[in-house]
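Please keep the sequence and the structure in view while reading.

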Amino acid sequence: MFRQLFRRFVFPQLLIIGVLAAAIVLMAAIQLGHTTNDETQFTRHLVPILLIALVMSVIAALASTFAAYRFAASHIDDIAHLFATAVPAAASKRPRADDGDRESALHDVARRFSELMELASKDQAQLLTIIGSMSDGLVATDHQQRILLTNEAARELLLFRTVEPKGKQLWEVIPIEAVLKAVTEASLTGEQKTVSVGPVSGKYLDVTVTRMPLRPAGFIIVVHDVTETMRYEELRKEFVANVSHELRTPLTVIKGYVETLQDGALDDRARAVQYLATVQRHTENLTTLVDDLLSLSHLDSSAAVPNPRPVHLGKVAQKVSESMTPQAHKMGHKLVLQIADGLSPVVGNPEYLERAIANLVENAIKYTRGGEGEAAGLIKLIIRGEKGASGETQVIVEVADNGVGISDENLPRIFERFYRVDRSRSRDAGGTGLGLSIVKHIVQAHAGQIEVVSTPGVGSTFRMKFPAPAEAPEQPSDASDAAA
């Protein structure tokens, strides 16, 4: 610190004092030269003047140096104390302003401020990264509703009018009147305001406006996309309505026949047998519906397949073919099974896989018209291998029929719960409208894919693709029996 003081304060003052002293000596010498011509006398009078000038210069230099040092030291102490006080208490280590080494104290203050500035820069970068990666939209404004900060999600959800919204008024950027009204109400009441907006470009939004606790206060606008929530809510309502409807129809029939039997029809044996057969049929339909609902509930609640093991889909298909052939023959259909050689096993639950294949075969039997000769219904159950797009091995299960087919209008919705292409025919066949939905859930639970190709009046082909790992885990001793 002394070197800096000497260079900045002491040296300039010493230079000025030296110049003044030299000027005084020069003027005194000139005056003496005019008053005397004797060189000895001139020298004798000049020496005291030089000594006095030298002594005065030294005294002035020392006084100036001391004053400059005291002023600089006091100034440095004030600066160090001021900056040390300004350092936030949250700093990892506060600088010491009362250190005897003033230069060290000042360097300590500067180092702490540098660390704080670097930390603030990192925190700001992290905050901007977090805000930018949010799926919810965020807009921050000042008290005059000028935009200070926003993210990409807000730009997309609120349909910004401009690419660079920072610094612009809120009404210049956001075209949604309900959002602007919510901000105005929040500014007047000071309370948080939440509004539902939509549809906005096909999306439904929940917008929350909060007044920031600052002076002057700005606003934080958070936008949440609730489109999926709305869709699930609609599906839930539709599902409840469908379940109620599916339950009401057989229960109404059962109730009516039971009351008829109680009113005296029980005494007429022929009529009683007929009524009881109808009650039994509808009771079985109810049981099937409840079983399907429980199956769907279990598939929804559990992402993992229970008791996974290596399963040979050829054996599962053979078992399904044997159980469904009598039903096919009864309807006047022919069920053909084709199994390729050398198929790899897939990892999954054999009961689930059997049910998925059986549901597809049963649907094919129900929606294929019976007949004789060339007009007879033909259902093919094909198990084969295939290489996927990435080169992985897949086992394909195809169920093809020459039945009524499905129109392009109905095709995207056939896997929805309770959706029926032909409602009257489905009920007559005893269908619950949940079979294809269960198939889709089972395929997805096994990390597979399901496709369908259909032409009205020609037939339909359902295709399930299951991944076959190169090395399947060891199969328990009873697995083959379970899958056979």
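A residue is called buried when its relative accessible area is under 20%, exposed when that area is over 50%, and partly exposed in between. With these terms, Glu398 and Arg463 are both buried. The model in which they lie is a predicted one.

The side chains of Glu398 and Arg463 form a salt bridge, with a distance of 2.7 Å from N to O. Because Glu398 belongs to strand β10 and Arg463 to strand β12, the pair ties together parts that are 65 residues apart in sequence. The two residues also take part in a network of salt bridges, whose members are Arg384, Glu386, Glu398, Glu451, Arg463 and Lys465.

Other salt bridges may be considered next. Side chains of opposite charge can pair when their charged atoms come close. Arg155 and Glu152 meet through their side chains in a salt bridge of 3.5 Å, N to O. Both residues lie in helix α4, which covers residues 152-157, and they are three residues apart, about one turn of the helix. Arg155 has a relative accessibility of 25% and therefore counts as partly exposed; Glu152, at 43%, likewise counts as partly exposed. In the other example, Glu259 forms a salt bridge with Lys255, and the closest N and O atoms are 2.6 Å apart. Because Glu259 and Lys255 are four residues apart in helix α7 (residues 227-262), about one helical turn separates them. Glu259 is partly exposed, its relative accessibility being 36%.

Which residues touch the most other members of the largest nonpolar core? Among its 46 residues, they are Val361 and Met464. Two or more residues of this core are given by each of the helices α8 (269-301), α9 (313-330), α10 (350-366) and α12 (435-445), and by each of the strands β9 (377-387), β10 (393-401), β11 (449-455) and β12 (459-467). Helix α10 supplies the largest share, nine residues. Leaving aside residues up to four places away in sequence, the contacts of Met464 include Ala356, Ile357 and Leu360, as well as Val395, Ile396 and Val397. Val439, Val443, Gln449 and Ile450 are touched by Met464 too. Another core, of 24 residues, lies apart from the largest one and has Val139, Ile176, Ala182 and Val223 among its residues.

Aromatic rings remain to be described. A pair of such rings is described by the distance of the centres and the angle of the planes. The count comes to two aromatic pairs. In one of them, the ring centres of Tyr257 and Tyr275 are 4.9 Å apart and the planes stand at 55°, so the pair is tilted. Tyr257 lies in helix α7 and Tyr275 in helix α8, 18 residues apart, and the pair thus links distant parts of the chain. Tyr257 is partly exposed, at 26% relative accessible area, whereas Tyr275, at 15%, counts as buried.

The other pair joins Phe415 and Phe462, whose ring centres are 6.5 Å apart; their planes are at 85°, so this pair is edge-to-face. Phe415 is found in the loop between β10 and α11 (423-428), and Phe462 in strand β12, 47 residues apart. Phe415 counts as buried at 16% relative accessibility, and Phe462 is buried with a relative accessible area of 8%.

Conventions
Residues are numbered from 1 along each chain as its sequence is written. This is a predicted model: local features need pLDDT of at least 70, side-chain atom pairs count only at pLDDT 80 or more; totals for chains, interfaces and linings use all residues. Side-chain values use heavy atoms; hydrogens and water are left out. A nonpolar core is a set of buried Ala, Val, Leu, Ile, Met, Phe, Trp, Tyr and Cys residues joined through side-chain atoms within 4.5 Å. Buried means under 20% relative accessible area, exposed over 50%, partly exposed in between (1.4 Å probe, protein chains only). Contact means heavy atoms within 4.5 Å. A salt bridge is a side-chain nitrogen of Lys or Arg within 4 Å of a carboxyl oxygen of Asp or Glu. Rings of Phe, Tyr and Trp (its six-membered ring) pair if their centres lie within 6.5 Å; planes under 30 degrees apart count as stacked, over 60 as edge-to-face and the rest as tilted.
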